[in-house]
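Please work through the exercises below with the sequence and the structure at hand, trying each task before reading its solution.

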Amino acid sequence: MEPQTKRQRIDESGSSKQKPEASRDLYLDTINRHMLDFDFEKVCSVSLSHLNVYACLVCGKYYQGRGKSSHAYFHSIHKDHHVFINLHTLKVYILPDNYEVHDPSLEDIKYVLNPTLTKSQVQNLDTNLNPSYDLNNKKYLPGFVGLNNVKANDYVNVVIQALVHIPPLRDYFILEDFETQEKSQLVTRFGSLVRKMWNPRAFKGQVSPHELLQEISGASNKHFRLTEQSNAIDFLSWFLNALHRDLGGTRKKNSSIIHRIFQGEVQIESQSVGPGGASNEEENKISVFDEGREIKTSNTPFLFLALDLPPAPLYQDEAEKNIIPQVPLTTILGKYDGKRIQETADQKRRYQITHLPQYLIFHIKRFDKNNWTLEKNPTIVTFPIKNLDMANFTTDPNAKSLGTHYDLLANICHEGKPEPGQGTYKVHVHHRGTEQWYQIQDLIVEEIMPQMIFLSESYIQIWERKQE
């Protein structure tokens with residue numbers, strides 16, 4: 001029989017072998033969640049490489065690799081920071097000892113890095129009335145979070161805010177796994193941003209679109225930059241077409257979710273202006289088609305409709321300067337009633353919508369560029385928040401069964417001077433569960449009364465067809 005003391009030494013030595021295992025968890029206490037920001041492009045802060053990048057969970061910096069000659073390895077020795085997460089595989093390692101850690105306390109970090117929502121969670125997004133709380137116990141509402149203006153990307157921010165509140169588009173980009181499908185980085189990063197904006201377990205109540213902005217700059221050949229303000233409608237047009245293309249869309253109808261929810265069709269009747277036509281119209285002040293001449297008819301698909309504002313008064317006295325011209329939305333929509341004729345160069349044209357999409361995008365043309373400068377029309381467009389009737393502007397055979405009434409979903413407005421960098425963009429979106437409207441300008445999210453929305457200089461609007 002072994003002596004008691006010997007058995008005790010064996011037990012102690014056996015337990016000592018387990019100590020390194022237990023000590024692994026000690027390093028997890030050094031993790032500083034307040035320093036973690038996974039919104040930025042996943043590149044090594046030293047080598048600027050995208051390959052095999054790890055985030056230090058102590059200071060939040062990105063480093064490449066974990067081998068003995070890697071930047072992450074040197075960082076762990078020099079700074080005494082030991083916990084790293086692979087930004088792609090989400091595996092957590094201790095350096096320089098180089099072993100993997102499995103611990104339930106790391107799940108919140110992995111979720112923030114790659115938030116995922118179930119189908120049932122997505123179905124309840126619009127009815128969820130419960131606020132979430134960030135690391136500082138500050139309240140925020142998922143989906144209604146500010147986007148960081150890195151330098152001059154407010155024109156991108158408002159478009160993103162509007163698009164992520166379109167339910168079928170939002171749900172599609174939240175639920176699809178674009179990395180597995182090997183879609184483009186533009187599609188993948190937009191999907192990631194949508195999930196982060198609707199994340200109910202975020203560490204902070206705002207998101208930086210830095211990764212998406214970098215990809216937008218590259219994919220557009222530097223046409224849209226984060227250092228220079230561009231036009232929001234130009235970006236929206238490019239972005240929707242780029243997403244359509246990268247999702248495998250073609251010229252065929254409904255070949256991507258972009259065309260399925262946004263694409264409509266307009267019929268254009270055009271006629272060449274004959275000799276002397278212009279002088280006759282100046283005398284009569286009425287533009288009509290000459291029935292004796294050929295009238296060409298074509299059907300053209302659209303993703304958004306351009307609406308022309310009446311010219312602003314050129315000369316005003318002191319009293320009139322305080323009066324801002326107004327025009328009802330239905331008046332400028334009259335362009336598409338199939339009767340009103342417009343002249344462009346040597347052409348007369350009239351328009352009528354032959355297919356109404358599920359979501360209508362209006363571009364209210366405020367900016368006019370001449371030979372000298374860029375001018376802005378300050379006319380206020382008045383409109384109803386709900387029940388805009390499009391029946392007078394369409395010959396769509398399915399209009400009666402699908403419905404012609406639309407509710408406002410998002411309103412993008414421009415304030416200030418028209419030159420790049422001289423004005424600011426804001427967006428109005430509403431919560432379906434509470435019917436509360438919010439005004440979002442970059443990081444600022446505030447409640448707004450619906451009666452105040454049409455007082456802004458609306459530039460882009462998105463309308464949703466009501467279910468009849």
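The exercises that follow concern a predicted model, and each task comes with a worked solution.

**Exercise 1.** Decide whether histidine 259 is buried or exposed, and find which residues it touches.

Solution. Begin with the position: histidine 259 sits in helix 10, which covers residues 257-262. Next, take its relative accessibility, which is 8%; because buried means under 20% relative accessible area, histidine 259 counts as buried. Finally, look for its contacts, leaving aside residues up to four places away in sequence: histidine 259 touches His244, Thr250, Lys252, Asn254 and Leu303.

**Exercise 2.** Decide whether methionine 449 is buried or exposed, and name the surface patch residues that go with it.

Solution. First locate methionine 449, which lies in the loop between strand 24 (444-448) and strand 25 (458-465). Its relative accessibility is 52%, and since exposed means over 50%, methionine 449 counts as exposed. Then consider the patch: Met449, together with Met452 and Leu455, makes a nonpolar surface patch of about 310 Å².

**Exercise 3.** Describe the largest pocket and say which helix gives the most to its lining.

Solution. Start with the space, which is about 890 Å³ in the largest pocket. Its lining has 30 residues, and those nearest the centre are Lys42, Leu87, His88, Glu179 and Thr188. The elements that give two or more residues to this lining are helix 6 (167-175) and helix 7 (185-197), and helix 7 gives the most, with six residues.

Terms used
Residues numbered from 1 in each chain as written. Predicted model: local features only at pLDDT ≥ 70, side-chain atom pairs only at ≥ 80, totals over all residues. Heavy atoms only, no water. Patch = residues over 30% accessible without salt bridge, like charges linked within 9 Å, V, L, I, M, F, W, Y side chains within 5 Å. Areas by Shrake-Rupley, 256 points an atom, 1.4 Å probe, with all protein chains shown as cover. Salt bridge = Lys/Arg side-chain N within 4 Å of Asp/Glu carboxyl O. Helix = DSSP H or I, 4+ residues; strand = E, 2+ residues; numbered from the N terminus. Buried < 20%, exposed > 50% of the residue type's maximum accessible area, 1.4 Å probe, protein only. Contact = heavy atoms within 4.5 Å. 1 Å grid on protein atoms, 1.4 Å probe; cavity = no way out; pocket = protein on both sides within 12 Å on 5 of 7 lines; lining within 4 Å. Points joined across faces, edges and corners; volume = space filled by probe spheres on them.
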